[in-house]
Amino acid sequence: METILTVAALVVLLLLIYGCASQYFLKTEYYTITSSRLKEDRVAVLLTDLHACRHGKPGGGEENGRLLARVERESPDLICIAGDMTVKSGKRTEEVLRFVKRLTEIAPVYYAPGNHEIRMPEYEEFRENLRKSGVHYLEDETMPQGEDLRITGLSLEEYWYHKFWQRRRLTGEELLEHVTPPEEGCFSLLLAHNPEYFPQYAEWGADLVFSGHIHGGIARLPLLGGVISPSLRLFPRYDAGEFEIGEKHMIVSRGLGLHHIRLRFFNRPEVSVIRLAARRGRR
């Protein structure tokens with residue numbers, strides 16, 4: 001019996017070490033989205049849920065030098081941030097600002113807030129500092145990226161980030177109170193931190209949604225996917241990866257950092273690289 005308890009304790013210890021260490025080993029995931037609405041090919045990098053964590057300091061003392069190098073290596077045409085790069089307390093906000101400013105030297109940056117940004121005590125100052133550094137900070141706004149692509153950033157109130165027993169349901173009418181319908185004939189990319197409302201995003205007209213928030217479910221199990229969401233929902237439907245409703249797509253990143261539960265099991269932090277491909281030939 002003593003031997004069994006010793007082995008069990010050792011297994012638990014190794015799992016905890018693994019779960020803690022996994023948050024520092026970045027993984028790049030690749031996706032391809034093809035559409036006849038696109039006139040030219042692009043490479044987009046999606047970043048979410050850094051939560052003011054750090055990924056290495058190579059080359060000149062960069063707090064996130066390793067992450068910056070990973071993004072730069074992909075030579076993106078645009079960089080999209082789908083929220084929660086900070087924490088609600090505002091801790092290490094200056095580091096996040098420095099990192100995002102460096103991203104603007106690689107490619108245009110489009111940033112939509114998550115539930116942590118909007119709860120920061122100095123949120124307005126943070127937002128204005130990002131805009132001064134050249135970031136396209138989109139609060140329920142749409143910006144063109146070339147002639148064929150429109151990028152919209154959705155900023156939902158804290159009310160919509162709820163625990164599962166509170167039963168919030170975002171309607172199409174409520175979504176339209178935030179963002180106007182997509183422009184006809186253009187490819188619509190929606191940056192929306194919370195993936196739970198994908199059916200409403202698709203109904204609104206988003207061709208592609210970039211989301212995060214779920215952290216991949218903290219732990220991932222074969223066939224079952226992510227185990228638990230920030231709303232404490234077990235096995236959330238939209239946990240990580242690519243999802244489809246008809247011809248509408250959503251990419252959900254596992255995120256780059258962690259907040260309350262600083263463990264990852266079979267769930268490495270993710271840099272998402274999405275190839276937006278123009279469909280040639282007959283339409």
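**Salt bridges and helix packing in the predicted model**

A network of salt bridges links R127, E128, R131, E139 and E141, a salt bridge being a side-chain nitrogen of Lys or Arg within 4 Å of a carboxyl oxygen of Asp or Glu. The model is predicted, so that local features need pLDDT of at least 70 and side-chain atom pairs count only at pLDDT 80 or more, while totals for chains, interfaces and linings use all residues. Residues are numbered from 1 along each chain as its sequence is written, and side-chain values use heavy atoms, with hydrogens and water left out. Under the salt-bridge criterion, the count comes to 18 salt bridges.

Helices (H or I, at least four residues) and strands (E, at least two) are DSSP runs, numbered from the N terminus. R131 is partly exposed at 30% relative accessibility, and E141 is partly exposed at 33%; buried denotes under 20% relative accessible area, exposed over 50%, and partly exposed the range in between (1.4 Å probe, protein chains only).

R98 and E63 meet through their side chains in a salt bridge of 2.5 Å, N to O. In this pair, R98 belongs to helix 3 (residues 93-103) and E63 to the loop between strand 2 (42-47) and helix 2 (65-73), 35 residues apart. R98 is partly exposed at 43% relative accessibility, whereas E63 is buried at 15%. The side chains of E158 and R119 form a salt bridge at 3.7 Å, N to O. The two residues are 39 residues apart, with E158 in the loop between strand 7 (149-153) and helix 5 (172-176) and R119 in the loop between strand 4 (109-111) and helix 4 (123-132).

Helix 2 and helix 3 pack at an angle of about 20 degrees, with their axes 11 Å apart; axes are lines fitted to C-alpha atoms, for helices over the stretch in contact, and angles run from 0 to 180 degrees between N-to-C directions. The two helices are therefore roughly parallel to each other, a term applied to angles under 35 degrees. Their contact (heavy atoms within 4.5 Å) is made by L67, L68 and V71 of helix 2 and F99, R102 and L103 of helix 3.

Definitions and conventions:
Parallel < 35°, antiparallel > 145°, perpendicular 65-115°, else oblique.
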